[in-house]
Amino acid sequence: MCGIFGIISSDNNAPTSTYKGLLDIEYRGYDSWGVAFLKDNQFKIEKEIGFLPKDKTFESAEVAVGHTRWATHGGVTELNAHPHTDCDKKIVLVHNGIIENYLSLKKELIGHKLISETDTEIAVHLIEDEYRLTGDLKKAVSNVFKKVDGLNAFVVSNGSQIVAVKKGSPVVAGSAANGSIVASDPNAILPHTNKLLFLEDNDLIEIDKSGIKLFDAHTLLEKDVKYTDVDWKYQGADLADFPHFMLKEIYEQPKVLLALAENASAVTEIAEDIKKAYGTYFVGCGTASYACLTGVYLFSKIAHRHVNFSIGSEFTYIQDYIKKGSLVAAVSQSGETIDVVEPFQIAKRKEATLVAMTNVIGSTLYRMADKKLMLNAGPEKAVAGTKSFTSMVANMILLAYATAGDLKAGVEVLEKSAKEIEKVLEKADEIKALADKLHTSKNIYILGRGLSYPLALEAALKIKEISYIHAEGFAGGELKHGVIALIEKNTPVIVFVPNDETKHAILASAQEVKARGAFVIGIGEEETEVFDYFFRVADTGASSILPMVVFPQLLSYYLTVKLGLNPDKPRNLAKSVVVK
Ligand code: M6R
């Protein structure tokens with residue numbers, strides 16, 4: 001989703017640093033970009049629709065702000081792209097979020113020239129008025145911030161200062177040898193410094209040549225600046241020898257699993273909390289929601305314990321039974337997903353214990369949580385989650401085994417599945433050949449039962465979100481309740497057939513679709529005659545879902561490449577969904 005970067009640089013290189021900063025956060029997803037810097041007492045703005053060009057050069061300047069926009073209010077046009085300016089181009093502003101009351105605020109503007117369809121532009125003109133009255137940029141920003149409804153982050157500059165303020169949307173700052181920086185994502189600051197200042201809601205920072213000052217955004221009382229020393233490595237556009245981040249990240253999965261197995265004791269304390277909790281609720285969105293649903297099956301099967309699951313955006317409607325003593329675990333790669341942050345806020349108000357299962361140290365969920373369980377998957381840049389899903393499920397497996405008092409068994413199944421994933425990866429060419437055959441399909445259906453049901457949902461999401469081929473996952477048992485009407489001659493149907501209690505029933509489902517002409521693709525340990533195509537994945541017990549998910553990950557990747565699309569940057573999608 002929108003990315004923000006701003007710098008006051010001591011080497012007069014602010015526009016180029018800003019452009020590089022935007023490249024570091026472009027994986028979040030965007031449809032236009034812009035960079036503003038001061039030239040002859042006015043801001044010069046370079047904006048374009050589409051992706052940032054490689055190797056662009058800029059003039060030198062001390063101060064610059066930039067933005068990657070993911071359109072919400074107003075179409076994808078150059079005029080709507082950020083930064084936006086006041087009437088005299090003396091103030092620029094970039095924004096992440098939605099100004100919910102922008103129409104009523106617009107009425108306060110008299111005699112201003114607005115040129116875009118965005119809610120954002122209103123804010124910079126309101127700041128222009130306040131700045132004229134106060135002559136103090138932080139006061140002007142604070143006054144406007146107080147009027148604005150919604151979850152928003154603003155970064156504003158008058159050419160000598162940068163002021164940033166936030167509620168909801170993430171903002172991080174850093175003080176480095178080459179200047180002071182503010183951004184929406186730590187990855188853009190890491191090339192400059194590892195000492196990061198994570199802004200809390202209603203924090204405001206003022207940056208000038210002397211450094212960074214922190215204030216309460218409402219009272220403007222100064223606060224202590226406390227930097228967090230992070231030991232993360234900067235992840236630039238390092239693809240190693242891979243053509244895309246998605247493929248690289250798929251291949252990193254065995255390593256991720258082995259590292260989690262080695263550090264399995266990290267789950268022990270949370271497993272104890274789950275045992276004591278009044279009820280446990282796993283909350284996530286998209287791919288993370290399927291990992292949460294996997295948790296329901298795993299806890300039942302391994303720990304004989306009921307845990308609940310909710311899609312983040314639905315939590316509000318089923319939260320009434322949460323109380324003190326409940327445990328709410330937010331599962332999120334980015335740690336920033338607004339539809340998970342809101343359930344966490346509700347759970348906090350109700351005094352539940354908050355656990356963050358996230359990949360990003362210092363993220364919003366991480367900072368809100370009482371306890372953290374790191375996914376330790378390493379940075380994930382492709383929009384489609386792959387290794388993060390694997391890590392979420394692996395953590396669920398370890399938690400379930402630890403709750404059952406047999407963590408060692410959890411470690412063993414993870415180690416087994418890491419080995420089996422290596423074998424699946426060795427056969428990637430077979431999956432590529434299948435993608436060549438299926439890439440003209442209009443629909444692909446995926447069936448699973450038990451643990452393979454959330455797997456079927458995840459497989460369908462992977463296929464549709466990057467290849468744009470319509471794909472749906474179903475529980476095998478649902479076929480006769482309506483789904484079977486969709487099956488026509490040669491409709492591809494992927495069927496997950498692990499060696500578990502679901503095997504006979506799911507093979508019966510495979511027979512039913514085959515009888516209606518489906519092209520049946522079987523994934524499992526044993527080939528049977530019902531399959532028109534078979535891909536062998538050895539059973540690894542409760543972790544079989546892990547090697548099996550690599551099949552749809554690679555299939556969706558190769559379908560997408562065959563269709564001439566970029567799997568790392570699917571249309572309309574953002575890596576981190578921070579607005580509602
Ligand atoms: O960062 P999160 O794990 O909270 O993100 C949740 C979803 O937005 C994410 O899983 C999304 O569905 C991905 N595009 C899936 O590949």
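This is a predicted model: local features need pLDDT of at least 70, side-chain atom pairs count only at pLDDT 80 or more; totals for chains, interfaces and linings use all residues.
Tutor: Residues are numbered from 1 along each chain as its sequence is written, and side-chain values use heavy atoms, with hydrogens and water left out.

Student: Why are helix 6 and helix 11 called roughly parallel?

Tutor: Their axes cross at roughly 25° and come within 10 Å. Axes are lines fitted to C-alpha atoms, for helices over the stretch in contact, and angles run from 0 to 180 degrees between N-to-C directions. Angles under 35 degrees count as roughly parallel, over 145 as roughly antiparallel, 65 to 115 as roughly perpendicular and the rest as oblique. Helix 6 and helix 11 are therefore roughly parallel.

Student: Which residues of helix 6 make that contact with helix 11?

Tutor: Gln253, Val256, Leu257 and Leu260 do. Contact means heavy atoms within 4.5 Å. Helix 11 brings residues including Lys387, Ala394 and Leu398.

Student: What makes helix 6 roughly antiparallel to helix 12?

Tutor: The angle is about 170°, with the axes 9 Å apart. That makes the pair roughly antiparallel. Among the contact residues are Leu257 and Leu258 of helix 6, and Leu414 and Ile421 of helix 12.

Student: How do you know that the span of helix 12 agrees with its length?

Tutor: The expected span is 1.5 Å times one less than the number of residues. Helix 12 has 20 residues and should span 28 Å; its end C-alpha atoms are 29 Å apart, which agrees.

Student: Which residues of helix 12 are buried?

Tutor: Among them are Ala409, Val413, Leu414, Glu420 and Leu425. Buried means under 20% relative accessible area, exposed over 50%, and partly exposed in between, with a 1.4 Å probe and protein chains only. The cover over the buried residues includes helix 5, helix 6, helix 11, helix 13, strand 25 and helix 16.

Student: Why does Asn490 count as exposed?

Tutor: Asn490 has 52% relative accessibility, so it counts as exposed. Asn490 lies in the loop between strand 22 and strand 23. Its phi is near 70°, a positive value in a residue other than glycine.

Student: Where is Glu351, and what is its phi?

Tutor: Glu351 sits in the loop between helix 9 and strand 19. Its phi is positive, about 65°, although Glu351 is not a glycine.

Student: Which bond joins His82 and Pro83?

Tutor: A cis peptide bond, with omega about -5°. Pro83 is in the loop between strand 4 and strand 5.

Technical notes: Helices (H or I, at least four residues) and strands (E, at least two) are DSSP runs, numbered from the N terminus.
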